[in-house]
Each structure stands twice: as C-alpha cells, then as structure tokens.
Amino acid sequence: MKASSTSSVVVAVAMGEEEPEVLESESNVVNANGNSSNSNEEYSFPVLRFDVSPHRTYHFHRQFITPSNPNNFFKAVKWSPDGSCFLTSSDDNTLRLFAPPGTESDAPVAASGHGDGNHESSLFVADSFAANVVMHEGESIHDFCWYPYMSSSDLVTNVFATTTRDHPIHLWDATSGQLRCTYRAYDAMDEITAAFSIAFNPAGTKIFAGYNKCIRLFDLHRPGRDFELYSTVKDKKEGQTGIISAMAFSPFPSGMLALGSYNQTTAIYREDNMELLYFLHGQEGGITHVQFSRDGNYLYTGGRKDPYILCWDVRKSVDCVYKLYRSSENTNQRILFDIDPSGKYLGTGGQDGLVHIYNLQTGQWVSSFEAALDTVNGFSFHPFLPHAVSSSGHRRFVIPDDGNEEFCLTGRENCLSMWTFCCDSMMETDLKNDGSFNNQSESL
C-alpha cells in the first residue's frame, strides 16, 4: 500500500539552487484517521505468527567489507513507507538502498511455510544481491528518515533526509542517489551546526531537527538557511536540557510530538507551537529512540546502556505502564526497535544477537530468534507485508602485535538480513527458497 497526502509537496531541485521549483503530487489520499485510502480499501494487515521462527530470505555481508575497513558495520535500517525498499547507514559514512524483488506489489501475500536449511546456509557464502543505490556522506551519519508519503513510482516523492556530523541536513533522491538540496543551520558564530535527529512532520511539509537544547523547523520546499528556532529550555533553566537525540510524531491527528534527550528525559510537545505538555522521567540512559503506538495512545522510549524499553500512556503520563527487556547494558550504540503493522507487537534487537518480540497489549515476551552473532542494532517491520529487516554489528578494537592475524569476520557478524514471517491468511501460499511466493487459489 502506498501512503501519500493530498497535494503533498516535495522539493525537486539540484544542490545549490536558491529558488527551487516546487512540484506537487496528487496521486493518493490520506483519510481522516491518517490511513491511506485507495482502491484496495478492504485490505487488512497480515496477522504475523511469532510462534514459528522467521525465514531468512536475503542476507548481506561481503559488499560492505573492504581491506581498508574490514570492521565496517551497520548502524541502522528502515523500510520505506511504500515498502518497496529499505535504507541502511553504516560506519563508513555510507547509505545503501536495497529493493528486494517482490516487495513493491500492492497485493499482499502471506507465508505459511519456510525454505530448507540449505538455502539459509548458502546465504552466508555470498550476498543475495548488490545495493541498488549507494550514497556517500562526508562524516558520521547521525540520523536519517524517509519522506512520509514516499512512493518509488513517483520520482518527486522518492526522497529521504539525512543529518551528519559537521554538515547541514541533506535531502537525497532515492532513485538516482543524487543530492536534491540542503537545509542549513548556523550557530552564534555563523558556523554550520549539525542536527542530531530529524523527522518529517505528518503533513510532509516541514523537517524537524534536534540540536543542543533546541529544535529547528525547516520548510521543506524552501531549502537554505531559513528556519524557525524553538528553545527547549526556558528561563531559569527550566525545560528539557541536553541534546535532542530522538523524535517522533503521533500517528493519530493529535498534534503531539515526542522529543528524547541525552539528559535521560522525554518531553511531549504540541507540534503547531512547540508548547511543552509534560515530561517523562525514568530512563537510565540518554534517550536514543522514541516511537508512538499505532493508535497514538502509548509512547515507547529506549535509552543508551539501558536494558529496558519503557511504555508510557500519553493520556495519563504519570507512571510507566511496563518495561520490555533487551540486552543493551554494555553498549553505547543506538538500538532501534519497531512496531508491527497491526500495532500489537514490538520487535527489538540487542547485544545477544537476538530479536525479541513483545505483546504490546500485555507487555509480555512472546518469542525471539537469532538474527546475528553480534549486536542487532536495527530492526524494522515491512509496512504491510510479512517481512522484516535487521542490521547488526559493532566497533571492534584490534590490538596490534607482531603476530597479528588477518582480521576476519563471519557472514553472521556485521550483517544485514531480510526475514519472512509466517502469518494467518485466507489464502494459502507456498514460500520459495528465494523468498518469493506461489499463490494458490484454495482457501483455508
């Protein structure tokens, strides 16, 4: 399914243009509750089965390793809003886009079986396929996000934004890998300052960027140095201090924005005027990820070196509802989690190499599966198909000595994998070894 907005606006300019041409896309519509509406209105999300281990459909490892950087590792992975591809960031300051065959279809299918073990073993020998688009940044990548109404079939909306150390915000063309335009913030010394977190607002008209004790709002169709500045600290140092390290918008049209800070607090604001509504305290480390539930009633927060993801009821905001455990006590990495399309389950990685699945209605652990032999730092569900993708890796320090052996990692370390889950369906399907499906007309 392809999400979009009425008259969604995206910049369609090359880097360096001062007066961009504004293009509009009116191919799709979003209804009042934020869901996309089109000719496939009767579609319902597949009910994923987590009692059966998922099938590793595609695997990637070798194309990221070079003799000069044998310890290159992934830092994050995110599916595109239209489900046609997923985007990764890695330690070599590179963004890679992968478009798996069969994921761009609007006709959802469900898997009821798995491929054999020989297929999975062969995945570790060579990468499933090469990245479709590769983009290089100049410094370490802090954060990236997709345009909310992105569609791979619409060249205007097929974009994403990134923020890197000592660089302005970049808007990239996901089709060609070219830089569309930049959004620049300057400090009191008139020097460029980099954002630590970024997100598009639900309307897709602005980029919200987190900085130290403030956020800046950029008009999407006006690249350059024009922005609105909002301080998160008021008089007498009241408010949210520290670096704004994570942000998320409520999917429900409530106008709420959650900002996480490295000072271990999360704050809820009004999107339209940045009015502070309330604080959430309880994380043991600096906030690295925040995400609303599908209905917008709950907020999930994760922190650095904090073994728990906290669930908050934003309608009460007094106490934590429950905690979800993950192994992250000994890493400074940002470990991303995600909520499945039905909104009932959350998946998160950790240092133990496992992806843990939790029931969000009860807060109970459901199942887990081994995704890698090192830290799983990224996990993302497909927006409507029974797929997910995980990224893994961490920085390894090798002590040089006279007898130093060649640094070599296995195919299950510093790797990227795409998974296919079994799910309940009204149509019985067979899963091929390559991850594609054979539709059958029989009903269950």
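**Strand pairing and burial**

Modeller: Ile169 stands opposite Tyr183 in S14. Keep in mind that this is a predicted model.

Biologist: How many bridges join S13 to S14, and which way do they run?

Modeller: There are 4 bridges between S13, residues 169-173, and S14. The two strands run antiparallel.

Biologist: What sheet are they in, and in what order do the strands come?

Modeller: It is an open sheet of 4 strands, ordered S11-S12-S13-S14, with antiparallel pairing. S11 (141-146) and S14 (179-183) are the edge strands, and each pairs on one side only. From one strand to the next, the twist averages 20 degrees.

Biologist: Switching to S9. Is it buried or exposed?

Modeller: Buried: 5 of the 5 residues in S9, 94-98, are buried, so the strand is largely enclosed by the rest of the structure.

Biologist: Which residues sit on which side?

Modeller: Thr94, Arg96 and Phe98 are on one side, and Leu95 and Leu97 are on the other. All are buried, so both faces of S9 are covered. In a regular strand, side chains alternate between the two faces of the sheet.

Biologist: What does S9 pair with?

Modeller: S8, residues 86-90, joins S9 through 4 bridges, antiparallel. Phe86 has Phe98 as its bridge partner in S9. S9 also pairs with S10, residues 133-136, in the antiparallel sense over 4 bridges. There, the bridge partner of Thr94 is His136.

Biologist: And what's in the turn between S8 and S9?

Modeller: S8 and S9 form a hairpin with 3 residues between them. Asn93 in that turn has a positive phi of about 60 degrees.

Notes. Residues are numbered from 1 along each chain as its sequence is written. This is a predicted model: local features need pLDDT of at least 70, side-chain atom pairs count only at pLDDT 80 or more; totals for chains, interfaces and linings use all residues. Side-chain values use heavy atoms; hydrogens and water are left out. Buried means under 20% relative accessible area, exposed over 50%, partly exposed in between (1.4 Å probe, protein chains only). Two strands pair if DSSP finds at least two bridges between them. Axes are lines fitted to C-alpha atoms, for helices over the stretch in contact, and angles run from 0 to 180 degrees between N-to-C directions.
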